[in-house]
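Subject: Structure handover

Hello,

Here is the structure we talked about. Please open it and keep it beside this email while you read.

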Amino acid sequence: MKSTRAKTSRSIIEDFYGSPGMPRGMQNSQADLLDIRNLMDDPTVSNSILTTVNAIMRSGYRFINSSRSEDKKVADLFSKMRFGNILRNVLINLKLYGNAFVEVVKDGNTGLVKELYLLETTEMTIQTDSEGHGDIVGYFQEHQGKEIFFSPDEIWHIALDHVTTSLWGNVNSKAILQTVKTKHIIEDYIWYLFKTNAFSKAKVIKNANDKQVKSLIEGIKARKSNPLLELVVDGDLSSVSFYEVTDLPVLTNYLDYLDSQIRQLLMVPPIVGGQQESANRSTAETQFVGVFGTNLRSLQLLVQDDVSLDLLPKCGFEDVSLRFNPVDQINEREAIQNAVYLSGLGIDPESVIEYLRVKGVSLPEEAEIVPQVPTGYVGHEAQNVKSVSRMPQNDNIISRQTRKEIPNSQNVRAKSEKVITSKFYVENGGEIKDAI
């Protein structure tokens, strides 16, 4: 069961500080996290995070006991607690804040978990031992002036990345925050250009008198109410504008650059984020399976280890572990074919059954692989005797009565050649005995 991040005998963990009567090790800058919460309003950030989470949750997961079989009891219990929804929100918090907190409520009679609650990451702080060596004393939630204390056994805290010994995971979204703010400035500027009609042109009449100017103004007003009217101008008319629509690509190209920076920080390839212009079948597969698949699997392993080694023991299940199914699910037919190949290689039946379940093949709980005894097997010796090439043919069945061995086509063909040769000798005055 996890109760420390980087406990040591003498050194002090990163960002440890505090004062008597106050929670210690409060590395969480809540103001930053409150700003980061608004990142989900950005389409690129939201799409990147939710696509990652959806890809992981799509493959599914299982609870495995010490005998390597699925634990239906634990699976049913966690299903009733809607653990799938909680896990999904944990993944979102991990991608957004780099941290997630879940409250574990136990049954006082059985000592097993009965409820799980996702806590607000922006309101959580961590209290460590007074020496600052990394022992977690408890957790605090500060909400609207109220402070709620949780013991270490009541909280499952998972952090995405640690670049220091800090108890808090590294918040990568802080780097995204400034990029999104820059993106919003450009978007607001484009909105301002259209709102104020900054692309409209100013009319200029050279050496115009008052009558000509008045006529032009009346014509412009009339055309606004009826765009089908023709504008007739008396004088040398020209137009100028401060902004052109052709200026927009410069701004939108910079927006594309900022979006690409956001996707890189969230480790989502362009093809996954919806950018398909430069992608073909080869590059798309490389991006999705090679790059995105590797990132997904790494996140899966981190979460399943933390659930298995920290959450499940706190829930009262020491010998149960969580296992995510692979992200790149193959179809059922291919999985069964692969299982047949594995059996042929001598892989034990239990491992083959486990492989099929991991690949998403629905099998009964009591399913087992039973060796099949071949029926109608024909060995090599029987195949040689019964080979079509060794069976009597139409051209040699007549000769069976006159030969002790079973004739074949080659014997008959050789004899036919001798008969033809004999006939040639007789017709030309030769003797048959010389020909035979």
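Is Gln144 buried or exposed? Gln144 is exposed, because its relative accessible area is 72%, and exposed means over 50%, buried under 20% and partly exposed in between (1.4 Å probe, protein chains only).

Some ground rules come next. This is a predicted model, in which local features need pLDDT of at least 70 and side-chain atom pairs count only at pLDDT 80 or more, while totals for chains, interfaces and linings use all residues. Residues are numbered from 1 along each chain as its sequence is written, and side-chain values use heavy atoms, with hydrogens and water left out.

**Overview**

The protein chain has 13 helices and 10 strands. Both are DSSP runs numbered from the N terminus: helices are H or I with at least four residues, strands are E with at least two. Of the 436 residues in the protein chain, 34% are buried. Now take contacts between residues at least 6 apart in sequence: 65% of them join residues at least 24 apart. Contact means heavy atoms within 4.5 Å.

**Loops**

Back to Gln144. This residue sits in the loop between β5 (136-143) and β6 (146-150). Its phi is positive, about 50°, although Gln144 is not a glycine.

Arg82 also has a positive phi without being glycine, near 55°. Look for Arg82 in the loop between α3 (72-80) and α4 (83-97). Arg82 is exposed, with a relative accessible area of 57%.

Thr246 is in the loop between β9 (236-240) and α7. Thr246 is exposed at 64% relative accessible area. Thr246 and Phe199 are 47 residues apart in sequence, yet their C-alpha atoms are 9.9 Å apart in space.

Gly235 belongs to the loop between α6 (210-225) and β9. With 40% relative accessibility, Gly235 counts as partly exposed. Leaving out residues up to four places away in sequence, Gly235 touches Ile205 and Gln212. From Gly235 to Val213 is 22 residues along the chain and 9.3 Å between C-alpha atoms.

**Helix pairs**

How do α5 (residues 173-195) and α7 (residues 248-265) cross? Their axes come within 10 Å and cross at roughly 160°. That makes α5 roughly antiparallel to α7. Axes are lines fitted to C-alpha atoms, for helices over the stretch in contact, and angles run from 0 to 180 degrees between N-to-C directions. Under 35 degrees counts as roughly parallel, over 145 as roughly antiparallel, 65 to 115 as roughly perpendicular, and the rest as oblique.

The crossing of α5 and α7 is left-handed. A crossing is left-handed if the near helix is turned anticlockwise from the far one by less than a right angle, and right-handed if clockwise. On the α5 side, the contact includes Ala175, Ile176, Val180 and Phe194. On the α7 side, it includes Leu248, Leu251, Tyr254 and Leu265. By class, the contact of α5 with α7 has 14 nonpolar, 3 polar and 3 charged residues. Here Ala, Val, Leu, Ile, Met, Phe, Trp, Tyr, Cys and Pro count as nonpolar, Asp, Glu, Lys and Arg as charged, and the others, Gly among them, as polar.

Helix α2 (residues 43-59) meets α7 too. The axes of α2 and α7 come within 10 Å and cross at roughly 30°. That makes α2 roughly parallel to α7. Their crossing is right-handed. Thr44, Val45 and Ser48 of α2 meet Asp259, Ile262 and Arg263 of α7. This contact of α2 with α7 has 2 nonpolar, 2 polar and 2 charged residues.

**Inside the chain**

Which residues touch the most other members of the largest nonpolar core? They are Phe63, Phe78, Leu116 and Val303, in a core of 61 residues. The largest share of this core, 9 residues, comes from α4. A nonpolar core is a set of buried Ala, Val, Leu, Ile, Met, Phe, Trp, Tyr and Cys residues joined through side-chain atoms within 4.5 Å.

Leu116 is in contact with residues including Phe78, Met81, Val102 and Cys315, its neighbours within four places in sequence left aside. Another core lies apart from the largest one; it has 8 residues, among them Leu193, Ala198, Leu255 and Leu258.

Finish at Lys95, in helix α4. Lys95 is buried, with a relative accessible area of 10%. Beyond four places in sequence, Lys95 touches Ile49, Thr52, Ser173, Leu266, Met267 and Leu299.

Best wishes
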